[in-house]
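Hi,

Here is the structure I promised to pass on.

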Amino acid sequence: MMNVMSTSPPEQGRREGPLADLLAARTYRTALYVGLALPLGALVFGLLVGGALAGVLTLPLLVGALLLLGTLWLVPALAEVQRYVAGLLGVRFAPRFPPPAYAGVLPWLRATLADGATYRALMFHLVQFPLAVVCWLVLGGLLAACLAALAAPWWANTLPVTWQGGRVALTTLGQLGLMLAGLGGLLVTAGVLNLLGRVWAWLAYALLAGGADEGSARREVVALRRAAGRVALGDDLGATLADLAGQAQTASTALAVALTTPDGTLRARSGPEHPALCGPTGSPPAGGADVRYVAGGGTLVTLPVVAGGADGGTLRALYAPGRHPPAEELAFLLSIADHAGTALHAAELIRRAGERAGEQERARLARELHDSVAQALYGITLGAKTARAALGRDPEKTRASLDYTIRLAEGGVSEMKALLFSLRPDALEEGGLVAALAQNAHALEARHGLTVHADLHREPALSPSGQAAAYRVAQEALHNVVKHARASQVWLSVTEEDGRVTVTIRDDGQGFDPRARPSGTLGQRSMRERAQDAGGTLTVQSRPGGGTTVTLTLPAAAAEVRA
């Protein structure tokens with residue numbers, strides 16, 4: 001069940017005081033509606049009652065059935081007129097779906113008689129005329145008394161007033177008192193008129209909005225489905241919240257819907273501006289709504305937005321004066337608020353994940369620089385110092401130190417390029433897989449003293465995802481050679497044949513027993529996952545003392561895909 005609180009605190013910007021009702025524009029709109037209610041109600045009452053009686057009396061004739069069908073057709077048709085006139089009271093009905101295509105008299109008759117909205121509209125038509133008569137009598141009596149009191153100076157001394165055989169004359173003070181009473185009566189009349197307007201608004205919405213229930217439910221379902229899809233997409237938080245506000249405003253009877261931060265700052269809005277849609281406000285109950293009146297007689301509904309258990313702000317819906325949303329619509333708005341909370345929570349998780357990923361990437365980069373380039377620079381420094389110390393007295397040692405320094409410098413450059421390849425997403429597309437693997441091979445030789453036999457000739461036909469998978473798998477395999485294999489030679493090859501690209505990394509290291517770990521190590525599982533994501537396969541063959549061979553097979557990309 002929806003927990004609804006209804007309060008009416010002092011309204012910001014609203015006229016307060018004894019003249020508030022008399023000066024409010026809604027009072028005169030209500031007066032116009034009450035003024036139209038009597039002739040319109042009499043016309044509708046006469047058409048329906050007269051048509052029904054004429055149809056029943058002439059039922060033995062063929063024309064009687066036609067009169068009854070016509071009277072039944074008038075019930076929903078006149079309800080549309082009543083909905084339009086109810087706009088004077090500020091009652092806003094949701095847009096109605098168009099009726100189904102006409103399929104004949106009998107299907108139309110069955111559908112009309114089975115629709116509960118028909119009977120609710122008929123009840124409104126029949127109640128309108130007697131209720132309008134009562135309103136006219138009450139308001140007419142009040143206005144007549146007020147006008148009579150205000151006109152006391154004109155009739156007090158001209159009309160004979162006798163009391164117990166003597167004539168009674170009003171003094172000036174008595175006439176002034178009557179005029180003040182008349183003015184007070186006008187204020188009371190304005191208050192009564194607004195009260196009657198609320199009764200009419202409630203009656204109109206209760207009896208005339210029923211025909212739109214199914215359409216409203218359909219719109220709410222469509223809005224919730226679109227909202228869920230938008231939140232799942234989650235590409236832009238601002239656009240997502242704006243779309244949620246738009247869906248809420250379109251599928252409900254609210255004039256405007258806004259999403260705010262906990263301090264009342266506007267995040268997104270759909271519909272006209274209003275001061276109540278932003279700024280600080282009371283906290284709505286958890287899982288419920290706070291309903292209160294605002295300036296101009298409108299109704300503001302405030303619902304909580306919960307983002308991952310934290311306060312995510314509010315959803316605010318502004319309604320026309322005299323309009324109170326039903327519980328079903330409040331439940332729909334609360335669902336939209338939940339979607340907004342989900343979007344905010346997802347955006348926060350993405351932000352945290354991005355920060356965490358950035359920290360992990362910086363830590364990895366620091367390790368890579370320390371293990372490769374930093375140590376290479378340290379070796380270059382030692383080689384240069386050794387060459388300087390031996391310069392002039394030991395040419396052979398100087399030459400060997402300089403060769404060592406040059407080799408370390410070339411290896412550092414290659415490792416730096418390989419590291420840049422791993423950091424730049426577009427590096428493989430620009431330089432190609434062969435260039436990236438060649439730099440890794442060169443860095444392996446210079447840094448670790450391995451002999452790499454690289455069979456890298458023609459760039460293979462791979463999609464961007466295939467290129468990335470091949471590079472990452474080869475990089476992981478070469479890293480395992482350095483870390484675990486204790487090898488002296490490595491064979492690296494890339495071949496393309498019969499629509500398949502094969503990347504092979506083989507070493508002459510100590511190998512291992514694959515049966516000891518049937519599922520493979522963490523690095524092997526990572527390589528297999530990369531291969532599967534790119535549509536390929538990975539095999540690892542090894543035996544103790546016989547080295548290890550890693551083979552990655554990927555589908556070649558079509559020419560238009562590569563282009």
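The buried residues of α15 are covered by elements that include α14, β12 and β13. Bear in mind that this is a predicted model. The buried ones in α15 are Gly 523, Gln 524, Met 527 and Ala 531. They span an arc of only 100 degrees around the axis, so they sit on the same side of α15. Turn to the other side of α15 and you find Leu 522, Gln 532 and Asp 533, which are exposed.

As for the helix itself, α15 has 12 residues and runs 17 Å from its first C-alpha to its last, close to the 16 Å expected at 1.5 Å a residue. After α15 comes Gly 535, with a positive phi near 80 degrees.

Now for the nonpolar cores. The largest one has 34 residues, and the members touching the most others are Leu 437, Ala 470, Val 490, Ile 505, Leu 538 and Leu 552. Elements giving two or more residues to this core include α13 (433-448), α15 (522-533), β10 (489-497) and β11 (500-507). Which element gives the most to this core? That is α14, with nine residues.

As background, nonpolar side chains tend to be buried together in soluble globular proteins.

Cheers

Key:
Residues numbered from 1 in each chain as written. Predicted model: local features only at pLDDT ≥ 70, side-chain atom pairs only at ≥ 80, totals over all residues. Heavy atoms only, no water. Core = buried A, V, L, I, M, F, W, Y, C linked by side-chain atoms within 4.5 Å. Buried < 20%, exposed > 50% of the residue type's maximum accessible area, 1.4 Å probe, protein only. Helix = DSSP H or I, 4+ residues; strand = E, 2+ residues; numbered from the N terminus. Expected span 1.5 Å × (residues − 1). Arc of directions from axis to C-beta. Contact = heavy atoms within 4.5 Å.
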